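Subject: Structure handover

Hello,

My notes on what turned up follow below it.

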Amino acid sequence: MTTAQPSSQTACAAAPSVAEVEASCRLPVLFLAFSGAAWLCAGAVLALLASVQLYQPAFMEGCAWVTYGRLRPAAVNALTYGFALQTAFALALWLIARLGRVELVAPLGLTIAAKFWNIAVTVGVFGILAGDATGFDLLEFPLYAALPLFASYACIAAWALVTLHRRTERELYVSLWFVLAALLWFPWILSTAQGLLLGWQVPGVVQAIVAGWFGNNLLQIVLTSFTLAVLFYFVPKAVKRPLANPGLVSAGFWLLLLIGGWCGLSQLAAVPAWIPSVSGAANVLVIVPVLALLVSLWQTADGKIAESWKSNATFRFLLVAAILLLGVTLCTAVFGGHYTQFTFFATARTDIVLLGVFGLAALGALHYIVPRLTTGEDELPSEGLSDLAFWAALFGVLAVGIGFSLAGFKQAAVGASAESKFLEGAVTGVASNLKLVTVGYGAMAVAALAFLVNFGLAARRCCLDCCGGAR
Amino acid sequence: MSKNKKQPAPAPERAETEPTIAAGGGSAWPFVLLGVILFGCFLHVENTGGAFRADVYQAGMKTPPPQADEPPEVKAFKRGAQLYAAGCAGCHQATGLGSAPLNFPPLAGSEWVLREKPDRLVRIILNAIEGPITVKQVAYDNNAMLQFKDIYSDEDIAAIATFVRGNAEWGNSFGFVTPQQVKVIRDASASMGSQKWRAETLAPIP
């Protein structure tokens, strides 16, 4: 991986042109991107409604479908499967096609599989609202939604891997390492977790360990890998420099895969003591690969960060996503132990990784990809809406992350002291922080909506350009 | 933001350069840092990991105290002590001496308890006893005793009988009562229904 030269010399003679590659991507990638952003909007609204009930318990009372115990899992699963993973597939397909210089295999089949993925997510969200949730964090979809979900994933991933196999640019660029790792990691953890929890039905304590292992791997390996794939593609591109220090990148890649899967169980209760202990150690160790990867990106962009922030709509998202990745890793390493057990702190981590680290990076990448696949321009039609999407998403992520984190710290302080009053300190006392969270989810929904409108404008202009005259 | 927003759609063959990788690079610091943190991690796991034992749930406890499996007699005696405290000590007192002024007969040294076979004791626990009775030369007449046949299982009643008969602190030193013995008596006295024993009906029982 020392010197990749993805130029016409190494590419074989049959390499398709960029236009042909983009034409093959257009339908599936745009469909996945649009549905993903729509689920971001829907999931943020569901999460907003759920968060209101944390300080207004009587809000929407009387209807079982919209109680907190159903709304919150529905929101988190809509954001995870509807938004995050779906958008990740769009990014993965696009990165494979572009970096491999290859046309997507079966774009129509991919679109149909993506359609089924959306149907499965819809069924799953309504299944949770109807009361069929499984009760395992990030795996709440009932079996009748989880199985079609896995089947459509298998189709998408299989075609993605076939495309990758047929690439004309043989050298695998760093982004494709991460895409490949995530595409292979996800079916492993999903099938293992669903097999053990819903099929095999392991006994109680093991269930908590399996569900925690799955949730952490989804956040720490799969979504973080997709984020890093985006960062490693767009940052060198935005600053127009080659990626600095590839040795650091390959060390970071392997260490992340090696260590990342051990994290995230440090707050489990009623399990053998070595599990939270080892997991807490891994939480600290994972700082090393994250730092190595981010240092390489920083060395690449050093000196051109301010300039790129102003000139490049995508780069702003990526910079914030990278800072949040470092922040959430350090925060989990330092505070992710017994002190913040049973508080909103873990919720904060999930939401920051989902919406902040991955969400911002994905929105940034889509601000680059969508205009190229629709109008053929470098930017989405409305600069104002791009700005709105960025600032609203940034505010939303910070409000949700800070709100939940502060609430978590307050609750931890109450839990650590026998004198403090639980109800006043940990329930009504965190209402102000949770109101911030509500505002944050609202801002996320606004950001998703701004992007969707911009997307719609671009698609409309594209249609007018291509076939508007003919019709 | 970009200034080329209003450009017309560029030609399809525009120069789209993909990111490249610089030559060289590689640093040792991640591995040095990894080693340093790993050392701390080993200390952390050594102190809080419970020696990787599956039966240590409390951080900081390296090995649990050895718990040799107790013989069934001792287990039954301990269980009986708990049940006695919950269900019997209210009248017969923790000392087993009862209370003559309050009309509660004693169990410690009682000739109704200390017999070769536990048959009378188990029958009294199961169906209770009422009416006049003489214990250790003192006359009692109390109808307040509860029937425990529907409250406690055979194991529980065997445990209580073991505790009462074998309690060295009370000066009682008779042996272990098994759940099987209780079951036999329970079946034999099933026809009594909720009728209580009296001193004279219990007299033929050995």
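A crossing is called left-handed if the near helix is turned anticlockwise from the far one by less than a right angle, and right-handed if clockwise. Keep that in mind for the helix pairs below. Note also that this is a predicted model.

**Helix pairs in chain A**

Two packed helices are described by the angle between their axes and the distance between the axes. Start with helix H4 (residues 143-165) of chain A and H5(A). H4(A) passes H5(A) in a left-handed crossing. Their axes come within 11 Å and cross at roughly 155 degrees. An angle over 145 degrees counts as roughly antiparallel, so H4(A) and H5(A) are roughly antiparallel to each other. On the H4(A) side, the contact is made by Leu143(A), Ala146(A), Phe150(A), Tyr153(A), Ala160(A), Leu161(A) and Leu164(A). H5(A) contributes residues including Leu176(A), Leu180(A), Phe186(A), Pro187(A), Leu190(A) and Leu198(A). By type, the contact residues of H4(A) and H5(A) divide into 16 nonpolar, two polar and no charged.

Ala193(A) also sits in H5 of chain A, which spans residues 174-200. Is Ala193(A) buried or exposed? Its relative accessible area is 0%, so Ala193(A) is buried. Beyond its neighbours within four places in sequence, Ala193(A) is in contact with Leu139(A), Leu198(A), Val210(A) and Phe214(A). Ala193(A) and Phe136(A) are 57 residues apart along the chain, and their C-alpha atoms are separated by 9.8 Å.

Next come helix H12 (residues 345-373) and helix H13 (residues 383-416) of chain A. Their axes come within 8 Å and cross at roughly 170 degrees. H12(A) and H13(A) are therefore roughly antiparallel to each other. Among the H12(A) residues that meet H13(A) are Phe345(A), Asp351(A), Leu355(A), Leu363(A) and His367(A). Their counterparts in H13(A) include Ser386(A), Leu394(A), Val400(A), Phe404(A) and Phe409(A). The residues of this contact divide into 13 nonpolar, seven polar and one charged.

Phe335(A) is found in helix H11 (residues 313-335) of chain A. At 35% relative accessibility, Phe335(A) counts as partly exposed. Leaving aside neighbours within four places in sequence, Phe335(A) is in contact with Gln267(A), Thr340(A), Phe345(A) and Phe409(A). Phe345(A) and Phe409(A) also take part in the meeting of H12(A) with H13(A). Phe335(A) and Leu457(A) are 122 residues apart in sequence, and their C-alpha atoms are 44 Å apart in space.

Ser296(A) has its place in helix H9 (residues 287-301) of chain A. With 0% relative accessibility, Ser296(A) counts as buried. Not counting residues up to four places away in sequence, Ser296(A) touches Phe232(A), Leu243(A), Ala244(A), Asn245(A), Leu248(A) and Val249(A).

**Two backbone points to check**

Most residues other than glycine have a negative phi. Phe342(A) is not a glycine, yet has a positive phi of about 60 degrees. Phe342(A) is in the loop between H11 and H12 of chain A. Its relative accessible area is 66%, so Phe342(A) is exposed. In chain B, Phe52(B) has a positive phi of about 60 degrees although it is not a glycine. Phe52(B) lies in the loop between helix H1 (29-48) and helix H2 (72-87) of chain B.

**Chain B overall**

Chain B has seven helices and four strands. From the N terminus on, the order is α-α-α-α-β-β-β-α-α-β-α. Of the 206 residues in chain B, 37% are buried. Among contacts with a separation of 6 or more, 61% join residues 24 or more positions apart.

Chain B is divided into domain 1 (27-66) and domain 2 (72-202). How far apart do the C-alpha centres of domain 1 and domain 2 of chain B lie? They are 54 Å apart.

The axes of helix H5 (residues 154-166) and helix H6 (residues 179-188) of chain B come within 8 Å and cross at roughly 110 degrees. That makes H5(B) roughly perpendicular to H6(B). The crossing of H5(B) and H6(B) is right-handed. From H5(B), the contact involves Asp154(B), Glu155(B), Ile157(B) and Ala158(B). From H6(B), it involves Pro179(B), Val182(B), Lys183(B) and Arg186(B). These residues divide into four nonpolar, no polar and four charged.

Best wishes

Conventions:
Residues are numbered from 1 along each chain as its sequence is written. Chains are lettered from A and ligands numbered from 1 in the order in which they are written. This is a predicted model: local features need pLDDT of at least 70, side-chain atom pairs count only at pLDDT 80 or more; totals for chains, interfaces and linings use all residues. Side-chain values use heavy atoms; hydrogens and water are left out. Domain bounds come from an automatic or database domain assignment. Axes are lines fitted to C-alpha atoms, for helices over the stretch in contact, and angles run from 0 to 180 degrees between N-to-C directions. Helices (H or I, at least four residues) and strands (E, at least two) are DSSP runs, numbered from the N terminus. Angles under 35 degrees count as roughly parallel, over 145 as roughly antiparallel, 65 to 115 as roughly perpendicular and the rest as oblique. Contact means heavy atoms within 4.5 Å. Ala, Val, Leu, Ile, Met, Phe, Trp, Tyr, Cys and Pro count as nonpolar, Asp, Glu, Lys and Arg as charged, and the others, Gly among them, as polar. Buried means under 20% relative accessible area, exposed over 50%, partly exposed in between (1.4 Å probe, protein chains only).
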